Amino acid sequence: MISVRNLTLDLQTHEGSRRVLDDISLELADGEFVALMGANGSGKTSLARCLNGIYLPTSGEVNVDGLDTRDAKALPEIRRRLGLVFQNPDDQIVAPAVEREIAFGPENLGVPRPEMRRRVEAMLKLFRLEAYRQQAPHLLSGGEKQRLALAAVMAMQPRHLVFDEPTSLLDYESRCQLLELMAQLVASSNPFSVQPLTLLMITQFAEEALFAQRLLVLDHGRLVMNSLPREIFMRVDALQQIGLHPPIEFLAHHESPEHPIEDFLLTPIL
Ligand SMILES: Nc1ncnc2c1ncn2[C@@H]1O[C@H](COP(=O)(O)OP(=O)(O)OP(=O)(O)O)[C@@H](O)[C@H]1O
Ligand SMILES: [Mg+2]
């Protein structure tokens, strides 16, 4: 379980200290699939960085499975449990070849070699990277890099995954495939572990947030909405004020009496 209590984060800029997150409290239950939205600069990436201790709270606290990010001794275990896939895959890819990149995390965790090989092969297959195993990551396309970054994090078998705009570099078909995969990862059919994965997915696509069980909305560093996606998307005016829009198709169906929202939600659009 991930628990954030009264989290405030001030960061230093050239103009002095700047409040980036303001008194945020939230909880993510194990196995929950939660989306996080907010306009550019609202603090989404900063919140993700707080969850695995890259940023430490100015005040308040962040706990992952009861481990406090302010406890330096707990940080390696927090990062083993909570995988963070960065917004820009170039920020996290370190190895000279695709399969080395996937092996890097498990190696650091001391995973025995046969198990490590098994995980690398499983990830190459799952993320459709088999043809690129010897390839230098910087030669991959943006979408392939995004898949590689996810494969590398999943190879460490985290309990919780924070995914910062996973589909920003993907084309339509790859977005659909990745979302299906995400849905699989959080379901009990998760092929990697007996325990379902907790997933916090930051996204700029309202249609993607419809896949989540819950939606969090940030505005200028404050958590202003925390509810079912469908409930939030009905608050069209409030969303517009903070620079967000419901999915277009959702509005169309919502306004038409012969298509109740329930029908619509059974066939997520992408
Ligand atoms: N290391 C830093 N130092 C100073 N200011 C920062 C730092 N990181 C982020 N900020 C500022 O904090 C605010 C929130 O940034 P953040 O990257 O968390 O937003 P975001 O919601 O992820 O935006 P986007 O949708 O563009 O990815 C921005 O105003 C940003 O300029
Ligand atoms: Mg961001």
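A residue counts as buried when its relative accessible area is under 20%. The legends below refer to a predicted model.

**Figure 1. Thr-203 in the loop between strand E8 and helix H7.**
Strand E8 covers residues 198-202 and helix H7 covers residues 206-209, with Thr-203 in the loop between them. The relative accessible area of Thr-203 is 2%, so this residue is buried. A polar atom of the Thr-203 side chain lies 2.9 Å from the backbone nitrogen of Phe-205. The Thr-203 side chain also makes a polar contact, at 2.8 Å, with the side chain of Glu-208. When neighbours within four places in sequence are left aside, Thr-203 is in contact with Leu-36, Met-37, Glu-208 and Ala-209.

**Figure 2**
In general, strands of a sheet pair through backbone hydrogen bonds. Strand E1 (residues 2-13) pairs with strand E4 (residues 59-64) in the antiparallel sense, over five bridges. Val-4 stands opposite Val-62 in E4.

**Figure 3. The surroundings of ligand 1.**
Ligand 1 is surrounded by 16 residues, the closest being Asn-40, Gly-41, Lys-44, Thr-45 and Ser-46. At least two residues of this shell come from each of E1, E2 and H1. A polar side-chain atom of Ser-46 lies 2.6 Å from a ligand 1 oxygen atom, and a polar side-chain atom of Gln-87 lies 3.0 Å from an oxygen atom of ligand 1. Ligand 1 taken alone exposes 630 Å², and the protein buries 70% of that area.

**Figure 4. Asp-23 and Gln-157, two residues with positive phi.**
Most residues other than glycine have a negative phi. Asp-23, found in strand E2, has a phi near 55°. With a relative accessible area of 40%, Asp-23 is partly exposed. Gln-157 has a phi near 50° and is found in the loop between helix H5 (142-154) and strand E7 (160-164). The relative accessible area of Gln-157 is 28%, so Gln-157 is also partly exposed.

**Figure 5. The protein as a whole, for orientation among the close-up views.**
The protein has eleven helices and ten strands. Of its 270 residues, 49% count as buried. Among contacts between residues at least 6 apart in sequence, 62% join residues at least 24 apart. The accessible surface of the protein comes to about 12800 Å², and 51% of this surface belongs to carbon and sulfur atoms.

Key:
Residues numbered from 1 in each chain as written. Chains lettered and ligands numbered in written order. Predicted model: local features only at pLDDT ≥ 70, side-chain atom pairs only at ≥ 80, totals over all residues. Heavy atoms only, no water. Pairing = 2+ DSSP bridges. Helix = DSSP H or I, 4+ residues; strand = E, 2+ residues; numbered from the N terminus. Buried < 20%, exposed > 50% of the residue type's maximum accessible area, 1.4 Å probe, protein only. Near = heavy atom within 4 Å. Polar contact = N/O pair within 3.5 Å; in protein donor to acceptor, adjacent residues only side chain to side chain. Areas by Shrake-Rupley, 256 points an atom, 1.4 Å probe, with all protein chains shown as cover. Contact = heavy atoms within 4.5 Å.
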